[in-house]
Amino acid sequence: MELTDDEREEKQHAEFVRMADQSLDRFRDTHSEPQQQFIVDAYVETGEILTGEAYGIDPVEAAVVETAFSQHLDRNVLRQHGLTLVTYFEHVDEADYPTLRRAAAKGEWHVFHGHAQAIAAARKNGSAYSD
């Protein structure tokens, strides 16, 4: 049986989520709380996940986690508000990136729902912030 584009996309997304969950579990199992906090803080500040032997994080695993987060944001938050990653970030001030990265790292998706809802409303009435 041939899969539809939506079914293929869903299957690919499910695989990314599974791989990201494995990577995050491995990260939690192999890093102490202070190490985890240091890496999360660096990500929040810079937008980059520290990778390499010194940090015990494989660059491919970091890329999978970032992709899974982006897909989750796009599929499970932004689409509900009629936005895509591109249209969402057109209206996000770079000064807000650290706050949004911290929310993503903590899995606080309600922060994004509220933000996306406000952006969607502002886009509809023509008052949306953009660079």
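**Aromatic rings and helices**

Modeller: A search of the whole structure finds 4 aromatic pairs. Rings of Phe, Tyr and Trp (its six-membered ring) pair if their centres lie within 6.5 Å; planes under 30 degrees apart count as stacked, over 60 as edge-to-face and the rest as tilted. The rings of Phe-69 and Trp-109 have centres 6.0 Å apart and planes at 90 degrees, so this pair is edge-to-face. The pair links distant parts of the chain, 40 residues apart: Phe-69 lies in helix H3 (residues 59–76) and Trp-109 in helix H6 (residues 109–125). Helices (H or I, at least four residues) are DSSP runs, numbered from the N terminus. This is a predicted model, in which local features need pLDDT of at least 70 and side-chain atom pairs count only at pLDDT 80 or more, while totals for chains, interfaces and linings use all residues. Residues are numbered from 1 along each chain as its sequence is written, and side-chain values use heavy atoms, with hydrogens and water left out.

Biologist: Which residues do ring pairs link into a cluster?

Modeller: Ring pairs join Phe-69, Trp-109 and Phe-112 into a cluster.

Biologist: Is Trp-109 buried or exposed?

Modeller: Buried means under 20% relative accessible area, exposed over 50%, and partly exposed in between (1.4 Å probe, protein chains only). Trp-109 has a relative accessible area of 18%, so Trp-109 is buried. Phe-69, at 24% relative accessibility, counts as partly exposed.

Biologist: How does one describe two packed helices?

Modeller: Two packed helices are described by the angle between their axes and the distance between the axes. Axes are lines fitted to C-alpha atoms, for helices over the stretch in contact, and angles run from 0 to 180 degrees between N-to-C directions. Here helix H5 (residues 97–106) and H6 pack at about 135 degrees, with axes 7 Å apart. That angle makes H5 oblique to H6 (under 35 degrees is roughly parallel, over 145 roughly antiparallel, 65 to 115 roughly perpendicular and the rest oblique).

Biologist: Which residues of H5 and H6 meet?

Modeller: Contact means heavy atoms within 4.5 Å. Leu-100, Ala-103 and Ala-104 in H5 meet Trp-109, Val-111, Phe-112 and His-115 in H6.

Biologist: Which residues of H3 are buried?

Modeller: Among them are Ala-62, Val-64, Val-65, Ala-68 and Leu-73. The buried residues of H3 pack against helix H1 (5–30), helix H4 (85–89) and H6.

Conventions: Helices (H or I, at least four residues) and strands (E, at least two) are DSSP runs, numbered from the N terminus.
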